[in-house]
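The tour goes from the whole chain to the ligand, and then to one helix.

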Amino acid sequence: MPRLTLVVAATTTHGIGKSGGLPWRLPKEISYFARVTTSAPEGNQNSAIMGRNTWESIPRKFRPLPKRANVVLTHNAGYQCADDGRVIIRADLHSAVEHLSTCPVPIHRHFVIGGASLYSEAFALSATDGSYVDRVLLTRVLAPAFEDCDTFVSELAQMTEDAAGSWVRKSHLDLCSWVGFDVPEGPQEEKGVRYEFQMWEKQL
Ligand code: FOL
């Protein structure tokens with residue numbers, strides 16, 4: 001049963017969005033997102049599973065996200081992504097993952113790329129559901145606070161403050177080794193925004 005990796009950029013109060021988009025524009029951070037989600041062995045692809053609002057938030061020229069199996073989740077059975085045929089439409093995570101297992105191109109890794117309601121659906125899965133989230137690539141936006149965020153992922157609070165320790169933050173070396181390339185370590189600064197690349201793993 002495939003495991004899922006969640007990719008998210010969030011403030012220290014777990015804000016991820018504003019007015020249907022990202023609260024910031026960080027070209028190097030989004031390049032990291034693109035590289036992580038695209039990197040796969042020759043002949044393989046990763047999936048990028050997203051909710052409909054997230055799909056609509058991606059600039060037209062970047063969607064479907066190249067070299068990834070794009071899956072859009074919506075309960076609207078008639079929903080048409082303009083790019084008919086190149087995008088898989090499903091109603092929930094389970095049927096998305098199930099469908100991806102039948103794709104001609106083998107899927108290396110499954111990435112859940114948002115937004116808030118899909119992150120919540122994904123966090124709610126457990127080992128008994130077959131597929132579940134066992135890894136989070138979190139870009140923690142340290143400053144400024146982006147207090148005008150209107151979309152939050154409260155599950156990130158439990159994850160990062162989990163004293164019982166079912167989620168643990170992995171070392172920077174583990175992050176580089178998992179993504180397969182050198183990731184800048186420690187606080188990064190771009191356009192006056194400070195952020196840090198982190199990896200969290202669920203202990204079973
Ligand atoms: N995770 C992280 N770490 N940062 C994000 O910005 C992010 N964004 C989303 C989900 N997880 C994230 C959802 N929003 C694109 C735009 C918005 C978006 C996700 C992706 C996008 O256009 N991506 C292009 C690269 C664009 C560029 O290089 O400017 C891609 O090919 O991935």
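Start with the whole protein, which is a predicted model. Of its 204 residues, 33% count as buried. Colour by secondary structure next: the protein has six helices and 11 strands. Its radius of gyration is 16 Å, close to the 17 Å that the globule rule gives for 204 residues, so the protein is as compact as a globular protein of that length. Along the principal axes, the C-alpha atoms fill a box of roughly 40 × 35 × 30 Å. If you draw contacts between residues at least 6 apart in sequence, 72% of them join residues at least 24 apart.

The shell holds 19 residues, and the closest are A9, A34, F62, I113 and T139. By type, the shell divides into 13 nonpolar residues, five polar and one charged.

Which elements each supply at least two residues of this shell? Select β1 (3–11), α1 (27–38) and α2 (52–57) to see them. The largest share, five residues, comes from α1.

Finish at helix α4, residues 116–124. Show side chains for A116, L118, Y119, A122 and F123, which are buried. Look down the axis of α4: these buried residues fall within an arc of 165°, so they line one face of the helix. Then turn to the other side of α4, where S120 and A124 are exposed.

Key
Residues are numbered from 1 along each chain as its sequence is written. This is a predicted model: local features need pLDDT of at least 70, side-chain atom pairs count only at pLDDT 80 or more; totals for chains, interfaces and linings use all residues. A residue is buried if 20 or more other C-beta atoms lie within 10 Å of its own, exposed if 12 or fewer, and partly exposed in between; C-beta atoms are placed from the backbone. Helices (H or I, at least four residues) and strands (E, at least two) are DSSP runs, numbered from the N terminus. The arc is that of the directions from the helix axis to the C-beta atoms. A residue is near a molecule or strand if its C-beta atom, placed from the backbone, lies within 6 Å of it. Ala, Val, Leu, Ile, Met, Phe, Trp, Tyr, Cys and Pro count as nonpolar, Asp, Glu, Lys and Arg as charged, and the others, Gly among them, as polar. The radius of gyration is taken over C-alpha atoms; the globule rule is 2.2 Å times the number of residues to the power 0.38. Two residues are in contact if their C-beta atoms, placed from the backbone, lie within 7 Å.
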